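Hi everyone, thanks for coming along. Let me put the sequence and the model up, and then I'll walk you through it.

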Amino acid sequence: MKLLDRFLAGDRTALSRVITLLENDRDRRSAILDVLYPRTGKARRIGITGPPGSGKSTLTDRLTARLLQRGRTVGIIAVDPTSPFTGGALLGDRLRMQGSWDDPRVFMRSQADRSHTGGLSEATPYAMTALDAFGKDVIIVETVGVGQSTLDVSDVSDTTVVLLTPESGDSIQAMKAGLMEIADVLVVNKSDREGADRFASELKMIVDMGRWEEGWKPPVLSASARDDTGIDGVYEHLDAHVDYLAGEGRLQARRLRQGRSAIEKALGELWRGRLTVLRDAEDAMDRLAERVACGELSPLAAAREMMEEMVD
Amino acid sequence: MAENIRVLVAKPGLDGHDRGAKVVAAALRDAGMEVIYTGLRQTPEMIVEAAVQEDVDVVALSILSGAHMTIFPRVMELLRERGIHHMLLTGGGIIPKSDAEELAEIGVGKLFGPGTSTRDIIAYIHEEVGRRRVADEI
């Protein structure tokens, strides 16, 4: 049986292979997505983001357990950074996600971001498409440990959870722009630590000052994922956000906005792909780089020259 | 040379000595591979489930407890049950030559003992993965 037939028959090994091809095989990516995409749109997508070490994997593990208790199937993508120097990556999110390893309703995949900026891998949305088409009820995406401007997760999630710890306190001002703005739910994790309460109330103040969509102000919740406390509260607010999105075409509006952004990204991907197949691209790049380096040509003008060559 | 090589590094059994596994994981990462590290106390079932979901090219096990004659055959058996034949099952630890030969007969790859240079492991993985990768018909 061919790979996609096995995938559609519910073969988990085939699902895993399909994700690999979507990651590696630029030539066949599009053909695979043509088959999968019409089968998507049913899954609920939850994004989990926050600084390194804030507890994203542990929270994912805890939420997964609750989703399973309620009879949902779960797909998880966890992204870790690739070294820009060696291309290698150490993917350690599985370490903290072993609560449900033997439940066949869960499928968890680690992804290296392959130096894609934005907190996800270029292929993360494609892997989500595969999980959705495979029939997972809920997809959880865990980003790399992020700072202020790695916000891609909000382009692929219905609900974005921003996870912070009491130690994130000093960076709150910076987080007002960026991370804070994509949060649908804010969680102060490691709430047993000193200063957690004060941090949570400061966060609430910032949320109160912010401008939010009509009808939904991001709740600030305290939890300890390690001790499994406060997680039920997080879960309830995630459900409440689903109800909120269900009203007045909000989910549809969000997905339209995300569709636009996905097309823009795909355009960039096509251009870059074009660049790699262009026979003389490397030579042209070298020639132009020389002129840019000696100040003869601006990078923008060089890019325009490349682009004209690519269109021909 | 095969690109984007994915390796699962796991530590089965109950002993807590994961230094070797960590050193190897870091060396493979620095050699440009994507290393999925699952940590201590992994059962063969957990290892194979992770290998399937992560679609790795290589499963590398560190076994110091003497349980290698149970664990390697069991992991191999579970992989075969799932219809997986292309993955390289390899590893390291204190493993007598005669045991390694016996394991090689059921398809287990080279096993590396103390004092092995990580360069040898990296070269071996490159060679094996290049040979084993299969092209899927979609």
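This is a predicted model: local features need pLDDT of at least 70, side-chain atom pairs count only at pLDDT 80 or more; totals for chains, interfaces and linings use all residues.

Residues are numbered from 1 along each chain as its sequence is written, while chains are lettered from A and ligands numbered from 1 in the order in which they are written.

Helices (H or I, at least four residues) and strands (E, at least two) are DSSP runs, numbered from the N terminus. Two strands pair if DSSP finds at least two bridges between them.

Back to our pair of strands. Strand β3 of chain B, residues 58-63, and strand β4 of chain B, residues 88-93, run parallel and are joined by six bridges. Further along, S62(B) sits opposite G92(B) in β4(B). With β1(B), β3(B) also pairs in the parallel sense, over four bridges, and there V9(B) stands opposite A60(B).

So is β3(B) buried or exposed? Six of its six residues are buried, so β3(B) is largely enclosed by the rest of the structure. Buried here means that 20 or more other C-beta atoms, placed from the backbone, lie within 10 Å of the residue's own. In a regular strand the side chains alternate between the two faces of the sheet. For β3(B) both faces are covered: V58(B), A60(B) and S62(B) are buried on one side, and V59(B), L61(B) and I63(B) on the other.

Now let's step out to the whole sheet, which I rather like. Six strands form an open, parallel sheet in the order β3(A)-β2(B)-β1(B)-β3(B)-β4(B)-β5(B). Its edge strands are β3 (89-91) of chain A and β5 (111-112) of chain B, each pairing on one side only. Helix α1 (residues 19-30) of chain B packs on this sheet, touching β3 of chain A as well as β1 (6-12), β2 (34-42), β3 and β4 of chain B. The direction of that helix makes about 175° with that of β1(B); axes are lines fitted to C-alpha atoms, for helices over the stretch in contact, and angles run from 0 to 180 degrees between N-to-C directions.

Where the two chains join in the sheet, β3(A) and β2(B) pair in the parallel sense over three bridges. There, L90(A) stands opposite V35(B).

What about the interface as a whole? It takes 30 residues from chain A and 27 residues from chain B, with contact meaning C-beta atoms, placed from the backbone, within 7 Å. On the chain A side, the elements giving two or more residues are α1 (3-8), α2 (12-24), α3 (26-36), β3 and β4 (106-112). Of these, α2(A) gives the most, with eight residues. By type, the chain A side divides into 14 nonpolar, nine polar and seven charged residues. Ala, Val, Leu, Ile, Met, Phe, Trp, Tyr, Cys and Pro count as nonpolar, Asp, Glu, Lys and Arg as charged, and the others, Gly among them, as polar.

Let's finish with each chain in turn. Chain B has five helices and five strands, and from the N terminus on its elements run β-α-β-α-β-α-β-α-β-α. Its C-alpha atoms fill a box of roughly 40 × 35 × 25 Å along the principal axes, and 46% of its 138 residues are buried.

Chain A has twelve helices and eight strands. Its radius of gyration is 21 Å, close to the 20 Å that the globule rule gives for 312 residues, so chain A is as compact as a globular protein of that length. That radius is taken over C-alpha atoms, and the rule is 2.2 Å times the number of residues to the power 0.38. Along its principal axes, the C-alpha trace of chain A spans about 60 × 55 × 40 Å, and buried residues make up 40% of the chain.

That's my tour, so over to you for questions!

Technical notes. Two residues are in contact if their C-beta atoms, placed from the backbone, lie within 7 Å. A residue is buried if 20 or more other C-beta atoms lie within 10 Å of its own, exposed if 12 or fewer, and partly exposed in between; C-beta atoms are placed from the backbone.
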